[in-house]
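Thanks for coming. I will go through one structure today, starting with a helix pair and then moving to the sheet.

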Amino acid sequence: MTSATSAANDLDAILARTRHLLLDFDGPICSVFAGLPAATIADRLRKLFGDHAPMPDDIAHSPDPLEVFAYAATVSTDLAARVEAEMTDLEVTAVATAAPTPYVHEVVTACQNSGRSVAVVSNNSARAVHSYLTRHGLDDRIGLVVARTDHDPALLKPSPHLITRAVDALEAEPGECTLVGDSVTDIQGARLASVQSIGYANKPGKRERFTAAGAGAIVNSLADLALRLRARVANPELLNYMLSLYRFKAPMASLCDWARSPLLFVYTQGPMLGMRRTISILP
Ligand SMILES: [Mg+2]
């Protein structure tokens, strides 16, 4: 078995158990700071420190707003609250110019068409996440957002707190949930919450770091994820119902639109008919 085959098998095994896909926000859904750089936001947050400056060198030069926020919480609860509030305002501004991640809409569609729900689990502010989802027509396709609403950085990933809250809100078992994240902290948080994880290796070096952190599978592109989601149906009964609608009731034009999909759609029938059967619809 080649390493590529093994990696595809790892991904398929995870998706076969996945009924709820939990997407990290910055990375898997969009590049939040494409228009308003994170380093600019970190600079704005440092100005709130006033008498509490100077700060350690690594914080004074960090381009990561969340690192500045975490340090603020070591100074005082009041400073942490003010830094978090300012960070939320700046994130809401940033998402207006955020760049969508290629193929994320295809991933959401593939989940819907294969009987899976999609949720967002993010260290970014809930207000910014909702603003982005509304702007990009995803608010009514993503049923749950669990994101930052508090000024306690200890609740953010790699803590399992947000992930476990999402699992509970979905009334799901951790083992039927999978977090897709682009940071090692996503993989660590998923492990602590006992949910499966897929690392999105969108930059060089991440694949190695995700492997070391224990990611269940790793993808370089969300196109790979959309393709495999379509091939691994989570709810065969739902899909069977949809197929019957298309076959007997939907206008032929709708069926043609569906069949023109660029991805091969494979459906494996479970034991309902007492036999295994595969239906392949090729474009
Ligand atoms: Mg991320």
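Which residues in α6 meet which residues in α11? On the α6 side they are V104, E106, V107, A110, C111 and N113, and on the α11 side L222, A223, L225, A226, L229 and R230. Contact here means that the C-beta atoms of two residues, placed from the backbone, lie within 7 Å. By class, this contact has nine nonpolar, one polar and two charged residues; Ala, Val, Leu, Ile, Met, Phe, Trp, Tyr, Cys and Pro count as nonpolar, Asp, Glu, Lys and Arg as charged, and the others, Gly among them, as polar.

Before I go on, the source. This is a predicted model, in which local features need pLDDT of at least 70 and side-chain atom pairs count only at pLDDT 80 or more, while totals for chains, interfaces and linings use all residues. Residues are numbered from 1 along each chain as its sequence is written. The mean pLDDT, the predictor's per-residue confidence from 0 to 100, is 87, and 81% of residues reach 70 or more. Residues 252–283 have pLDDT below 50, and that stretch has 28 contacts beyond near neighbours in sequence. Where pLDDT is low, the predicted coordinates should not be read in detail.

Back to the pair. Helices are DSSP runs of H or I of at least four residues, and strands are runs of E of at least two, numbered from the N terminus. The axes of α6 (residues 104–113) and α11 come within 8 Å and cross at roughly 10 degrees. Axes are lines fitted to C-alpha atoms, for helices over the stretch in contact, with angles from 0 to 180 degrees between N-to-C directions. The two helices are therefore roughly parallel, the term for angles under 35 degrees.

A second pair is α5 (residues 77–95) and α7, packed at about 15 degrees with axes 8 Å apart. T88, E91, V92 and V95 of α5 make the contact with R127, A128, S131 and Y132 of α7.

Now the sheet. It is open, with six strands in the order β5-β4-β1-β6-β7-β8 and parallel pairing; two strands pair if DSSP finds at least two bridges between them. At the edges are β5 (144–148) and β8 (217–219), each pairing on one side only. Four bridges join β4 (residues 117–125) to β5, and V121 stands opposite V146 in β5.

Both α7 and α11 return here. Helix α7 (residues 126–135) lies across β4 and β5, at about 130 degrees to β4. Helix α11 (residues 222–231) packs on the sheet and touches β6, β7 and β8, making about 120 degrees with the direction of β8.

Technical notes: Parallel < 35°, antiparallel > 145°, perpendicular 65-115°, else oblique.
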